[in-house]
Amino acid sequence: MMGSNSLVCPILGFVSILVFVYLSFGDLLSVNYKNDPKLSFVESNGTNFVVDGKVFYVNGWNSYWFMEHAVVDHSRPRIREMLQTVAKMGLTVCRTWAFNDGDYNALQVAPGQFDERVFKALDYVIAEARQVGIRLLFSLVNNLQAYGGKTKVVFVFLLEVLQNLLCLRHADHAQT
């Protein structure tokens, strides 16, 4: 009786370690990007865009939602599906958002403070696009209030920075 109980603790310990490792690094196992296609930078030559010395024609579309959907695991497959579909159609460039200063899945949660989950989601979008040879054009700011926009960046974040500066200044005067 004592012998069977003595195996329980080591087995539970081993299983606990496996669960910890999976939860800590499991997202690295979900996508394999070992065979990344080479995508050179697009350059200009006179009035043409060129890639590796050849004229490059931009056939593109707008999918603002990529980063936001990549944050949530159940909606990630939509990104791969969309990129594979448009690559088969011959599209070459996608304009997408690399910002979100709003409240839901915000990239910038406060001035200079970013949510690492959302950066990882953006990395996922970049890696998926690269797999099918799609280049990304990132929008870094917007005017839409629903996603923060200039109102939040200019007024709310600026007000927060000014308040912090005033508090620091007040604290300095209080100490003297």
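Two strands count as paired if DSSP finds at least two bridges between them. Strands are DSSP runs of E with at least two residues, helices are runs of H or I with at least four, and both are numbered from the N terminus. This is a predicted model, so local features need pLDDT of at least 70 and side-chain atom pairs pLDDT 80 or more, while totals for chains, interfaces and linings use all residues. Residues are numbered from 1 along each chain as its sequence is written, and side-chain values use heavy atoms, without hydrogens and water.

Now the sheet. Strand β5, residues 93–97, pairs with β8 in the parallel sense over five bridges. Trp97 has Ser139 of β8 as its bridge partner. The whole sheet is open, with three strands in the order β4-β5-β8 and parallel pairing. At its edges are β4 (60–62) and β8 (135–139), each pairing on one side only.

Helix α4, residues 116–131, lies across β5 and β8 and runs at about 150 degrees to β8. Axes here are lines fitted to C-alpha atoms, for helices over the stretch in contact, with angles from 0 to 180 degrees between N-to-C directions; contact means heavy atoms within 4.5 Å.

What lines the second largest pocket? Its lining includes Leu39, Phe41, Ile126, Arg130, Arg135 and Phe138. Two or more lining residues come from each of α4 and β8. A pocket is an open set of points on a 1 Å grid over the protein atoms alone, where a 1.4 Å probe fits, with protein on both sides within 12 Å along at least five of seven lines; lining residues have an atom within 4 Å of a point.
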